[in-house]
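Please read the following note with the sequence and the model open beside it. The points are arranged by region.

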Amino acid sequence: MAYVIKGRPLVAGCAEGEVLLSDKPLSFWGGYDANTGEIIDRRHPLSGQFAAGRILALPFSRGSSTTTAVLLESMRAGTSPAAILTIGVDTFYALASIVAEELFKETIPVLSLTPGDFERLENGDTAKISQSGEILVSTQSEE
Amino acid sequence: MSKRDHLCLSDYDRDLLAGESGPGAQMAMRIIVRMAEILGAERLIDIEAAHIDSSIYMGEATLKFAETLVDLGAKVAVPSTLNVSGVDEHGWRHWSVPPDWAEKALRQMRAYEQMGCIPTWTCAPYQTEFKPKPGQQIAWGESNAIAFANSIIGARTERYPDLLDICAAITARVPAAGLHLEENRAGQVLLRLMEVPARVQRHESFYPVLGHLMGKVAGEKNPVVTGMEGHPEWDQLKALAAAAASSGTVGLFHLVGITPEAPTLETAFHGNVPEQEIDVTMEHLREAWRELSTAEGRELDLVVLGCPHFSLAEFKRLVHLIDGKEKHKDVMFLVNSNRAMRALADEAGHLRSLAAFGGVMTVDTCPLATPMLSAEIEVVMTNSAKFAYYAPGLLDERVVFGALEDCVMSAVEGRVMRDESLWRT
């Protein structure tokens, strides 16, 4: 089945991809390999997964201030997620996309969801994000 | 005043945005205003100082960002200290740093110096003469430094990510949001230490272990701890803050009876009721202690101290432990700090003691920020919860967490030795 939710675009844009989801926050510094797009925080449930080109859904960023720099470098290297979805406003992820626009004229969408909408997402769903922040979620589950 | 959503900009802000102070300041202000809009801030406020975590070299993108700002003529408008760099500029050839990395990391260092930043090159700027004053509005990057400045000193900074700290320094303006505002500094989560014996609380590992636990349970909230005894030293509080800002998103915490904004429980919560209350027992602390190590067995390649950067007081304690001893030939012993602290330690005779022990020092960076370690190093021991948290992901190493005494003993013996009596049931 499919359903539509509305996110608040912190950085607007279009993207489509498979949802990679965790309810645990992630620091990109020490947590994301900008050369490969692998999640490398060995204490994180998504450790070993590749987020490049996928829609990464995390509640918020954790830890290091350098998260923004690593995400920016992954956008330059072409290994970043296609979009990032969070609960509430996470400035660290949004900033990387804003600076990428200044430097490379490229962005990835960063959207803020309500806790309820975030909880409906499941790993393996496909999400299609529009410029206005509407997200079409196609899911395998019967729900 | 022009209005953008809820955001009201001053004449100064609009002048910068219009490019009247040059294209570098214009780009910085454009980024500050975008962030203010995202945060729903109503205005920008002045800051008196900044600490720039953007100094860390993370690849072509961070170098391009820094050099773009320099090319556009950007200069910092407030005293701005620099965090660690991507390379020990005078010492990198002794290590496994690729020359191409060193060259680019050095270019990035020069770029931040050209913008007028102060070359402190440390993740512990609160150990320098540039430490902020209580109540001062500042824009600091570096998660451990943010938590320390807010919680231990009582200065006011939001958690600034890399790339935004330098924009704040160039414009001297930040969104009026987050931990800059009194109402967001109230405690939210209460951690009550339950029957944690004084001998545990006196132990040096208690602070990083409590910090690690605090970060995990607090998430994005401001934690408050009651039941702490004694008067912890700055280095102990430094270890606690760094741990909490690694396992969690903690930018401000209150220790009742210890930190400046928490003389009483009621003050710490601004008179509010805690959103959540957690009883912290020895069992919780033991679990947190166990989590900090990922290696098993006795194998050991490297001991790392100085995360955050080693202080003079820590040097004194270390020298007391290593004097008259020599480390094992198969284990490397590394202390991290910055160039100014190395000069002080040298003057005090501590570097002679470190060399006699067989230890080495690296300055202005650390193994987490520069690729200095060879791939043959597999097991690292440290007294830092922050290093223990990040080393497995960043360095692909297994890690053992122990007290300073344990680290020295292990370096001498050439294998992991820990006094575990407090942490094992």
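Predicted model: local features only at pLDDT ≥ 70, side-chain atom pairs only at ≥ 80, totals over all residues.

1. Residues are numbered from 1 along each chain as its sequence is written, and chains are lettered from A and ligands numbered from 1 in the order in which they are written.

2. Chain A holds an open sheet of eight strands with mixed pairing, in the order β1-β10-β9-β3-β6-β7-β8-β2. Helices (H or I, at least four residues) and strands (E, at least two) are DSSP runs, numbered from the N terminus, and two strands pair if DSSP finds at least two bridges between them. At the edges stand β1 (2-6) and β2 (8-11) of chain A, each with a single partner strand, so one side of each has no neighbour in the sheet.

3. Within chain A, strands β7 (residues 83-87) and β8 (residues 110-113) pair in the parallel sense over four bridges. A:T86 has A:S112 in β8(A) as its bridge partner.

4. In chain B, eleven of the eleven residues of helix α5 (residues 143-153) are buried, so this helix is largely enclosed by the rest of the structure. A residue is buried if 20 or more other C-beta atoms lie within 10 Å of its own, exposed if 12 or fewer, and partly exposed in between, with C-beta atoms placed from the backbone. The cover of the buried residues of α5(B) includes β4 (49-52), β6 (138-140), α9, β10 (254-255) and α15 (385-395) of chain B. After α5(B) comes B:G154, with a positive phi near 85°.

5. Chain B is assigned domain 1 (2-183), domain 2 (186-291) and domain 3 (302-413); such bounds come from an automatic or database domain assignment. In chain B, 15 residues of domain 2 are in contact with eleven residues of domain 3, contact meaning that C-beta atoms, placed from the backbone, lie within 7 Å. On the side of domain 2 of chain B that touches domain 3 of chain B, α9(B) gives the largest share, seven residues.

6. Where does B:A268 lie? Its place is in helix α10 (residues 265-268) of chain B. B:A268 counts as buried because it has 27 C-beta neighbours inside 10 Å. Not counting residues up to four places away in sequence, B:A268 touches residues including B:G187, B:V224 and B:H254.

Key
Contact = placed C-beta atoms within 7 Å.
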